[in-house]
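Me: I'd like to learn how to read the side-chain features of a model like this one. Could you take me through them step by step?

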Amino acid sequence: MRGEVRRLAMVTGAIFLALVLYLTYIQAVAGERLYLNPLNPRLALVEQQTVRGTIYDRAGRVLARTVTVDGQFRREYPYGRAAAPVVGYVSGRFGSSGLEASRDGELLGLLGWQRFFNEGLRLAGKQARGNDLTLTLDADLQRRATELLAGRRGAVVALDPRTGAVLVLASSPTFDPNHLEEEWPRINDPSSGSPLLNRAVQGLYPPGSVMKLVTATAALEADPAVLQRQFYCPGYLEVQGWKLTCPRAHGHLNFQEAMMYSCNVTFATLALEAGADKFKATADLYGFNKPLDFDLPVKESRVPEHLDANALAESSIGQGAVLATPLQMALVTAAVANKGIIMQPYLVARITSPGGQTLWQAQPRPLQVVAGAGVVDAIKDAMVATVKGGTATAAAIPGIQVAAKTGSAQNPGGLAHAWLVAMAPAQDPAIVVAVVVENAGAGGVAAAPIAREIMAAALRR
């Protein structure tokens, strides 16, 4: 009998201990996350009683602020459609998106000690206020990128490769968060092109020939003598009974010429020589197949886990099952611009209290070393040649040396997606741009002028 009582006591004690540990986890570990869940009804009440913090761009221009209308708090977005993919919206009826959602805790002052301080203010009948965000975004460049997309489906990403600061994160089509309720039926119309989808970070596209930057890195890391070799392109390459084609027969050409004219045969050959393991390992270093820590949710870009010869040849030119976000291809280009080092991308530069005190400030930090400086410099030189006399001449800026790579990514839904990635000034890049325009054909025609205008405007500042 005593043994049974002892066992019952031990079981009861274990259950009690598990309950204590679970409640401790809920309170100490998951409590903040659960509290900030949009489905928490208490959060809606807090929203009604709190002046949400202001969101500024890098120059102090207001992107989102709280105003009072008929005694009710209402969010106002001075840059409307242009900033909507980044800032998002907050609505009692439709929830929230963008930074309004991902930075809810800071904007409502609900993190750490401020949560209890603001709760005390509310209980005392006083006005609670959240923190302000200052972004790395340049609102004027963001608006210009949106104008250049002109309602076409696509995205523009621009960043400083030296720091990782994001200057532009434009997506089209977009929406006006100032008139969310009126626009909601249009936004959800299947023919509207998914305006709520932030294509810059959530759109996955075959990258086409801009993927050749990754292939070139793998090839040069495996064998630097590639730079001295001559290749021959008859217009196609046979791989296990399958033909990979080039737009034309390029004949004899070296590495730089292969980049200039975007020769599929040469880059597929280089990938096959380097091998699937080297190609995939290089892609992984660039950020494929892994989550990216960023201020907004980012889809994971991917290269297939298992690559036979055919799949490797296709992947080397950005076709097949390879998919990438515009942000991912901007980071690939940033590594080439920054001596082989990818800096951690960031969008929120500073968080300040209602009294103006800096609570947190971003510090640029390296994310990944991808390749040696000699390798990426050789790739950059080939990209400069591509602008001077290859497929990216439309990206040229008078008086400034530009390095770029075009891409035309075939897809089953119609015309190819037009890609271009670029950096300027090439000798010491201060800006990197990635542009994709869906179903627009050649990257050198549709995407290059957009990238050129954004780089030129940024460098004039």
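This is a predicted model: local features need pLDDT of at least 70, side-chain atom pairs count only at pLDDT 80 or more; totals for chains, interfaces and linings use all residues.

Me: Which residue forms a salt bridge with Glu 183?

Reply: The partner is Arg 186, and the closest N and O atoms are 2.9 Å apart. Both residues belong to helix H9, three residues apart, which is about one turn of the helix. Arg 186 counts as partly exposed, at 34% relative accessibility.

Me: How many salt bridges does a search of the whole structure find?

Reply: The search finds 22. Glu 147 is partly exposed at 48%, as is Arg 144 at 32%.

Me: Let's turn to aromatic rings. How should I read an aromatic pair?

Reply: Look at the distance between ring centres and the angle between planes; planes over 60 degrees apart count as edge-to-face. The structure holds five aromatic pairs. In one of them, Tyr 89 and Trp 184 are edge-to-face, with 6.3 Å from centre to centre and 80° between the planes. This pair links distant parts of the chain, 95 residues apart: Tyr 89 is in the loop between helix H4 (80-87) and strand S5 (90-91), while Trp 184 is in helix H9 (residues 180-187).

Me: Are Tyr 89 and Trp 184 buried or partly exposed?

Reply: Tyr 89 counts as buried, at 5% relative accessibility, whereas Trp 184 counts as partly exposed, at 21%. Together with Phe 94 and Phe 175, these two form one aromatic cluster.

Me: Where does a charge sit over a ring?

Reply: Arg 103 lies over the face of Trp 360, 5.9 Å from the ring centre. In another case, the charged end of Arg 248 sits over the ring of Tyr 261, 5.7 Å from its centre.

Me: And what is the general idea behind a nonpolar core?

Reply: In soluble globular proteins, nonpolar side chains tend to be buried together. Here the largest nonpolar core has 97 residues, and Leu 169, Phe 255, Phe 288 and Ile 379 have the most contacts inside it. Helix H16 (residues 326-337) gives the most to this core, with nine residues. Apart from it lies another core, of 33 residues, including Val 156 and Val 435.

Me: What does Phe 255 touch, beyond residues up to four places away in sequence?

Reply: Its contacts include Leu 220, Phe 231, Arg 229, Phe 267 and Ile 379.

Me: Could we finish with a residue in a loop?

Reply: Ile 317 counts as buried because its relative accessibility is 9%. Leaving aside neighbours within four places in sequence, its contacts include Met 211, Lys 212, Leu 244 and Phe 267. The C-alpha atoms of Ile 317 and Ala 409 are separated by 9.0 Å, although the two residues are 92 residues apart along the chain.

How values were computed: Residues are numbered from 1 along each chain as its sequence is written. Side-chain values use heavy atoms; hydrogens and water are left out. A nonpolar core is a set of buried Ala, Val, Leu, Ile, Met, Phe, Trp, Tyr and Cys residues joined through side-chain atoms within 4.5 Å. Buried means under 20% relative accessible area, exposed over 50%, partly exposed in between (1.4 Å probe, protein chains only). Helices (H or I, at least four residues) and strands (E, at least two) are DSSP runs, numbered from the N terminus. Contact means heavy atoms within 4.5 Å. Rings of Phe, Tyr and Trp (its six-membered ring) pair if their centres lie within 6.5 Å; planes under 30 degrees apart count as stacked, over 60 as edge-to-face and the rest as tilted. A charge sits over a ring if NZ of Lys or CZ of Arg is within 6 Å of the ring centre and within 35 degrees of the ring normal. A salt bridge is a side-chain nitrogen of Lys or Arg within 4 Å of a carboxyl oxygen of Asp or Glu.
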